[in-house]
2 protein chains.
Amino acid sequence: MSVIKYWGKRDEKLILAMNESISVTFDPTHLCTTTTVAVSPVFDRDRMWLNGKEMSLSGRRYQNCLREIRARANDVEDETKGIKIAKNDWEKLHVHISSNNNFPTAAGLASSASGFACLVFALAKLMNVQEDNGKLSAIARQGSGSACRSLHGGFVKWVMGKEEDGSDSIAVQLVDEKYWDDLVIIIAVVSSQQKETSSSSGMLQTVETSTLMEYRAKEVVPKRVIEMEEAIKNRDFSTFARLTCAENNQFHAICLDTSPPIFYMNDTSHRIISCVEKWNRSVGTPQAAYTCDAGPNVVLMARDREAATLLLRRLLFHFPPNSTDIDSYVVGDKLILKDAGVQNINDVESLPPPPEIEDDVLNYKYKDEIRYFICTRPGKGAVLLTDESQALLDPETGLPK
Amino acid sequence: MSVIKYWGKRDEKLILAMNESISVTFDPTHLCTTTTVAVSPVFDRDRMWLNGKEMSLSGRRYQNCLREIRARANDVEDETKGIKIAKNDWEKLHVHISSNNNFPTAAGLASSASGFACLVFALAKLMNVQEDNGKLSAIARQGSGSACRSLHGGFVKWVMGKEEDGSDSIAVQLVDEKYWDDLVIIIAVVSSQQKETSSSSGMLQTVETSTLMEYRAKEVVPKRVIEMEEAIKNRDFSTFARLTCAENNQFHAICLDTSPPIFYMNDTSHRIISCVEKWNRSVGTPQAAYTCDAGPNVVLMARDREAATLLLRRLLFHFPPNSTDIDSYVVGDKLILKDAGVQNINDVESLPPPPEIEDDVLNYKYKDEIRYFICTRPGKGAVLLTDESQALLDPETGLPK
């Protein structure tokens with residue numbers, strides 16, 4: 001999830017951004033894409049399944065990734081398995097790809113970023129591509145811009161680069177996932193997911209119609225990137241939170257300044273943000289930061305574990321679950337729920353109103369607005385899974401299991 | 001209602017704006033403030049009632065208006081009524097003021113603009129102030145910035161001015177209310193009116209925290225003001241609609257780019273805007289423009305009467321009334337409802353979905369989201385009412401009737 005937002009391309013074809021951006025990678029224990037790739041001389045074409053459903057690979061974005069990876073393929077030899085593929089064979093061989101997300105797809109939780117990063121990484125491993133994650137990120141970028149950041153763990157920056165061909169517009173890791181291990185992430189998955197503008201068409205409209213976009217990209221973001229890097233390196237949560245929130249709000253402001261206007265946040269997102277703002281201001285120093293991408297879901301980052309439990313108590317107070325099943329309402333790192341002192345629905349119902357709310361508390365309960373919460377933390381980047389029982393393709397048929 | 005937005009002061013005390021703005025005055029038949037002022041030697045202090053409820057006049061904004069008007073008072077003599085007040089007496093005499101709005105107060109429908117314009121105009125008449133509406137507008141401005149525009153009818157521009165004391169930061173009429181009589185206005189009064197940031201504190205926060213505000217005020221708005229004036233003078237609805245919508249969206253974008261972010265529009269405002277955008281794009285030329293001020297209510301302006309009936313049919317299709325009482329659901333100029341072929345709740349229920357909606361129409365009905373619609377048109381500015389039976393103060397007691 002980005003904390004300095006990528007919105008607007010300077011090159012549509014190569015997918016080069018108008019400004020640098022910074023993101024944090026979620027712990028794959030709680031949110032990840034798993035991709036299995038297979039090759040066989042009997043495959044007659046490249047095929048792909050997403051969450052079990054076959055989808056077309058004919059789009060430019062997929063073709064870019066397949067072409068660039070094939071161009072870097074090397075000899076593969078595994079004597080124990082009796083496999084031998086020469087470098088030049090890859091051009092003629094077809095692949096099968098199966099990819100699953102363990103979180104909602106196309107809901108503004110960066111599923112396409114995660115997906116393309118995983119796809120490029122998996123294909124690179126299959127074809128014995130020797131390039132490092134930085135070089136691979138430039139390929140993933142041509143699938144989905146923000147995918148370049150998702151190969152790395154921890155905090156990642158997508159640098160602008162200077163080359164015309166985009167070869168140096170790559171992602172670099174700022175710090176790894178263990179560097180700032182105080183941070184706790186809570187994702188509010190919002191119930192109503194209306195049909196939304198896709199981010200690639202949305203950002204094109206913004207570049208073409210917003211009179212604020214260029215000023216933001218040239219004058220505002222570069223300063224924020226420098227400040228944000230400093231804040232991350234110093235684990236300075238107050239600055240981090242201020243910048244993250246300001247960036248979120250400006251990104252959605254720029255979407256609104258588009259013709260036709262793009263509304264990604266809805267009333268529920270607004271309520272969560274107002275709750276966090278009110279709390280932060282009442283404490284005096286930021287306890288949590290918020291950010292949304294191209295959808296209403298809100299990613300909250302808490303200063304530390306204690307702040308996370310206080311945040312979760314506030315969220316559950318305002319957005320109690322609809323059923324008694326608290327276990328499927330707060331998923332991921334369950335320890336935060338335990339630390340918050342919430343074991344069942346009775347505990348939720350007896351949560352006291354947060355002290356910063358002086359108004360009539362009856363106005364501040366919203367059932368049915370949140371689908372569920374995911375508790376997580378910064379995590380590692382793409383990894384190779386070697387346990388064959390986890391493969392998504394059947395080794396006999398080459399089709400999804 | 002403004003079509004080029006005033007947001008941000010360059011001088012908090014004198015209420016001088018960071019950019020010029022343009023508004024259209026609503027027809028007072030449908031939306032107006034009525035103010036009665038009275039003077040008597042028995043009044044021991046200045047007092048005011050708003051919608052029948054006494055309120056304090058101690059605020060700086062009221063004091064500014066009272067002081068500036070008193071400083072310009074003249075001799076008043078009415079032999080038939082036996083009244084004689086010398087110029088210098090006004091400093092010692094106290095006034096009673098009673099003011100009513102025939103539309104929702106403090107709901108983003110410019111009730112404070114209308115109120116201060118009416119107050120200054122009424123006091124000026126009482127005290128025989130000779131200054132024209134332009135000069136009076138500089139006084140009304142010191143009550144509420146946008147009030148300066150509401151003294152005039154038709155389309156009105158608030159010019160920047162150059163003087164340090166703000167004396168030339170006044171409102172001028174661009175065209176009167178009859179000049180562009182094709183225009184039809186439909187106001188959607190949105191049901192849920194959450195507690196909102198007042199516009200004066202909101203714009204101060206924006207100036208202090210938004211990194212886009214200054215660029216907007218200096219680079220974007222001046223060009224739009226020139227284009228908008230041209231569009232109004234040429235009755236060029238397409239340009240007018242494009243600029244009005246872009247201004248609305250940028251104003252709310254700037255509010256969002258504030259820390260803490262200000263949300264004036266809600267999901268209902270967004271739905272109305274999306275409906276208009278979809279319709280405009282399907283026709284190819286704009287049929288309606290939309291704009292909101294510091295609240296979720298949406299002011300829609302239709303190209304002509306025919307477009308207005310088509311718009312109203314769309315609005316009623318998406319937002320049917322909750323009760324069978326259509327007469328209190330669409331108020332103001334009832335003829336538009338008649339032209340739209342809607343006489344009763346059955347007519348609303350049998351409205352066909354607009355052709356531009358290809359999606360599942362069941363998703364697009366929202367009951368309870370709109371309180372009512374007001375149909376109106378551009379109207380005249382402040383006028384003196386001479387019918388004493390309409391007075392809001394009892395001539396015997398000097399108290400509200």
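How are α1(B) and α2(B) set relative to each other, roughly parallel or oblique? The views below start there. This is a predicted model, so local features need pLDDT of at least 70 and side-chain atom pairs count only at pLDDT 80 or more, while totals for chains, interfaces and linings use all residues. Residues are numbered from 1 along each chain as its sequence is written, chains are lettered from A in the order in which they are written, and side-chain values use heavy atoms, with hydrogens and water left out.

**View 1. Helices α1 and α2 of chain B.** Here helix α1 (residues 60–71) and helix α2 (residues 111–126) of chain B cross at roughly 25°, and their axes come within 10 Å. Helices are DSSP runs of H or I with at least four residues, strands are runs of E with at least two, and both are numbered from the N terminus. Axes are lines fitted to C-alpha atoms, over the stretch in contact for helices, and angles run from 0 to 180 degrees between N-to-C directions. α1(B) and α2(B) are therefore roughly parallel (under 35 degrees; over 145 is roughly antiparallel, 65 to 115 roughly perpendicular, and the rest oblique). On the α1(B) side, the contact uses B:Arg61, B:Tyr62, B:Cys65, B:Leu66 and B:Ile69, and α2(B) brings B:Phe116, B:Leu119, B:Val120, B:Leu123 and B:Ala124; contact means heavy atoms within 4.5 Å. By class, these residues are nine nonpolar, no polar and one charged (Ala, Val, Leu, Ile, Met, Phe, Trp, Tyr, Cys and Pro count as nonpolar, Asp, Glu, Lys and Arg as charged, and the others, Gly among them, as polar).

**View 2. Helices α1 and α2 of chain A.** In chain A, helix α1 (residues 60–71) packs on helix α2 (residues 111–126) at an angle of about 25°, the axes being 10 Å apart. That makes α1(A) roughly parallel to α2(A). Look for A:Arg61, A:Tyr62, A:Cys65, A:Leu66 and A:Ile69 on α1(A), meeting A:Phe116, A:Leu119, A:Val120, A:Leu123 and A:Ala124 on α2(A). The tally for this contact is nine nonpolar, no polar and one charged.

**View 3. Helices α7 and α8 of chain B.** Helix α7 (residues 267–283) and helix α8 (residues 305–318) of chain B pack at about 135°, with axes 11 Å apart. That angle is why α7(B) and α8(B) count as oblique to each other. From α7(B) come B:Ile272, B:Cys275, B:Val276 and B:Trp279; from α8(B), B:Ala307, B:Leu310, B:Leu311, B:Arg314, B:Leu315 and B:His318. The set splits into eight nonpolar, one polar and one charged.

View 4. A:Glu277 pairs with A:Arg281 in a salt bridge, the closest N and O atoms being 3.0 Å apart (a side-chain nitrogen of Lys or Arg within 4 Å of a carboxyl oxygen of Asp or Glu). Both A:Glu277 and A:Arg281 sit in helix α7 (residues 267–283) of chain A, four residues apart, or about one turn of the helix. Over all chains the count comes to 48 salt bridges.

**View 5. Where chain B meets chain A.** Each chain puts residues into this contact: 33 from chain B and 33 from chain A. About 2500 Å² is buried between them, with carbon and sulfur atoms giving 59% (accessible area, 1.4 Å probe, lost on putting the two parts together and summed over both). In chain B, B:Leu212, B:Leu256 and B:Phe263 lose the most area to chain A, together 22% of what that side buries. Salt bridges between chain B and chain A number zero.

**View 6. Backbone details in loops.** A cis peptide bond links B:Ser259 to B:Pro260, with omega near -5°, and B:Pro260 is in the loop between α6 (237–256) and α7 of chain B. Elsewhere in chain B, B:Asn51 has a positive phi, near 50°, in a residue other than glycine; B:Asn51 lies in the loop between β6 (47–50) and β7 (53–55).
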